[in-house]
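The sequence and structure come first.

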Amino acid sequence: MKDFDLEKRRHVISGIATVIVVIYIIRLFTLQLLSDDYKKNADSNAFLKKVEFPSRGVITDRNGKLMVYNQPSYDIMVIMNEQKGRIDTMEFCKTVGITKKQFIKRMNEIKDRSINPGYSRFTQQLFLSQLSDKEFSIFQEKMYRFPGFYIQKRSIRQYQYPNAAHVLGDVAEASKGDIEEDDYYQAGDYIGKLGVEKSYEKQLRGEKGIQILLRDAHGRIKGSYQNGKLDRRPVAGKDLTLSLDINLQALGERLLEGKIGSIVALEPSTGEVLCMVSTPTYDPHLMVGKERGKNHLELSRDVWKPLLNRSIMGQYPPGSTFKTTQALTFLTEGINTVGTLYPCHHGFNYRGLHVGCHSHAAPIALVNALSTSCNSYFCWGLYQMMSNRNKYATKQDAMNTWRDYMVSMGFGYKLGIDLPGEKRGLIPNAAFYDKAYKGSWNGLTIISISIGQGEVNLTPLQIANLSATIANRGYYYTPHVVRKVKGEPLDTAFTRRHYTKASRQAYDYVVAGMRSAVERGTCRSANSPHYAVCGKTGTAQNRGQDHSIFMGFAPMEKPKIAIAVYVENGGFGADYAVPIGSLMMEQYLKGKLSEHSEARAKDFQRRRIGYGKNNR
């Protein structure tokens, strides 16, 4: 019995020993073959893999004027595995100008994988960014006292002009989402956040390089590993040439100073954006340096929304500028002819419905209806179209035909400009009204869309594109703000013509109406002795003061500029939008303003509407 117990204990002890040996073998196998912690540790002691950041592509305007460039910047990097608390924290904080509390907070943020998903204790992590030259010099002198901390040289953006912030955008630290989405980035890297800096990020950023440095047992740099044989040089980002004219852009921002609104100018023959003004705006210099976060927060909290690019994000009623689209549709569909006369007794009056209009001669035909901006003419046209059962089987068929014309002109959907955040506006269809009115609607119910009110909403970019389409007599190119990427062809999306459903003859009549509006109608203040201007005013009803709108192009033949001006609460189109548009066309076509025009520009610059009244 005793021998049996002894034998049993021997087997138990042998089993335990075997298990222990197996555990050790598995652990050794894991450490040597599966885990790279020790390899990383050894490598980090022997090598320093230093990332070399490429210079970001520079940005110029259409005439080669430098708008955005790079200047040297210095970041403090830390390798946690080398830091190990062996530094005088108070001395370090004093050197870099932070508190101990800030030091501890930053260290914890670096190690928090929910904030910094790419964290590794063996690789360099960003501790403090964008040191000035003076701060860099002070830290460099004392850096030997702070093992684990290094200086990383890179570049930051600088701006030549205080203009075009919404188009240019800005560059900031990559977020957690950016890092998870693209493994090119790691914590502390910079990425384009808005404007062309975002939409052309991959072209602008370039490719990182890497330098492998050899270290001795004390961590001191001894030189390049294998004489730099394994190093990889950074590749600079590609330069961008914008289609903007910076002088035109600057004038537009002057003219809209103290006002809420937008100016968009296009080159009809290419779709290039000559200027894109949105106010309130901000100086792009605010988005550079250590104060960027604070400045961005203040701008985002501003009730007047200076970060909002109203040119592509603002969705407004187009007012009477929209009457041109109705004329094109009615003529092409045969609803009326250029000689069709409609009555106007101070407005449209039918079955108890009244849509007001200012005093002018009546009955009236198309060209004069555009020239005088007659509401009644276009109300009658839409009513006739919606009621025409010889041509359209149902009102829904008529409504969807109307919608198809509008969509073909670039409304209701995003145009596809090369900027982030574009909105689509709204063009209603039959299903929209069937749902809104439970099928009980007719041409009178929706009559306001014929004059650019009601449910119709467009962006200023879409209104400018309408002007460019009329200037081209029936087609447009997708608007774009980048004219050229160095070493790359322009995306074919920006070189294809988009033809509308309206006829060439209809466009000729609309051009005649817009020319008449400048010569003897609502746009007389846009007339010029130097070139033939075509224009159309708009006055969009609003809960407060009406919005002032103008769209136009010049010269009438072979047009070089098409423009839309939208001034919130500016009153009649002729009050603000027309003279501002006239000054902008003169600047672009003549290269500068005359002495008389410069005096007018200064007068409009001084005027304040809305938020500007509170900032005098």
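## Basis

The model is predicted: local features need pLDDT of at least 70, side-chain atom pairs count only at pLDDT 80 or more, and totals for chains, interfaces and linings use all residues. Residues are numbered from 1 along each chain as its sequence is written, and side-chain values use heavy atoms, with hydrogens and water left out.

Helices (H or I, at least four residues) and strands (E, at least two) are DSSP runs, numbered from the N terminus.

## Helix H21 and its two partners

Two packed helices are described by the angle between their axes and the distance between the axes. Axes are lines fitted to C-alpha atoms, for helices over the stretch in contact, and angles run from 0 to 180 degrees between N-to-C directions. Helix H21 (residues 577-590) packs against helix H22 (residues 595-606) at an angle of about 135 degrees, and their axes are 11 Å apart. H21 and H22 are therefore oblique to each other; angles under 35 degrees count as roughly parallel, over 145 as roughly antiparallel, 65 to 115 as roughly perpendicular and the rest as oblique. Their crossing is left-handed, a term used if the near helix is turned anticlockwise from the far one by less than a right angle, with right-handed used if clockwise. Pro579, Ile580, Ser582, Leu583 and Glu586 of H21 make the contact with Ser597, Arg600, Ala601 and Phe604 of H22, where contact means heavy atoms within 4.5 Å. By class, the residues of this contact are five nonpolar, two polar and two charged. Ala, Val, Leu, Ile, Met, Phe, Trp, Tyr, Cys and Pro count as nonpolar, Asp, Glu, Lys and Arg as charged, and the others, Gly among them, as polar.

The axes of H21 and helix H11 (residues 246-255) come within 10 Å and cross at roughly 160 degrees. That makes H11 roughly antiparallel to H21, and the crossing is right-handed. On H11 the contact involves Asn247, Leu248, Leu251, Gly252 and Leu255, and on H21 Ile580, Leu583, Met584, Gln587 and Tyr588.

## Helices H14 and H20

Helix H14 (residues 323-333) and helix H20 (residues 504-519) have axes 9 Å apart, at an angle of about 145 degrees. The crossing of H14 and H20 is right-handed. Thr324, Ala327, Leu328, Leu331 and Thr332 of H14 meet Ala506, Tyr507, Tyr509, Val510 and Met514 of H20. This contact has eight nonpolar, two polar and no charged residues.

## Pocket and cavity

On a 1 Å grid over the protein atoms alone, a cavity is a set of points where a 1.4 Å probe fits but cannot get out, and a pocket is an open set with protein on both sides within 12 Å along at least five of seven lines; lining residues have an atom within 4 Å of a point. Grid points are joined across faces, edges and corners, and a volume is the space filled by probe spheres set on the points. The largest pocket holds about 1200 Å³ of space. Its lining has 45 residues, with Leu126, Ser129, Gln130, Glu173 and Tyr190 nearest its centre. Among the elements that each supply at least two lining residues are helix H5 (100-111), strand S4 (125-131) and strand S5 (149-159). The lining of the largest pocket divides into 19 nonpolar, twelve polar and 14 charged residues.

The count comes to one cavity of 30 Å³ or more. The largest cavity has about 30 Å³ of space and is lined by Val51, Met77, Gln124, Gln152 and Gln186.

## Backbone

Most residues other than glycine have a negative phi, and most peptide bonds are trans. Thr279 and Pro280 are joined by a cis peptide bond, with omega about 5 degrees; Pro280 lies in the loop between strand S12 (272-279) and H12. Another cis peptide bond joins Ala554 and Pro555, with omega about -15 degrees.

Arg473 is not a glycine but has a positive phi of about 60 degrees. Arg473 is in the loop between helix H19 (460-471) and strand S15 (475-477).
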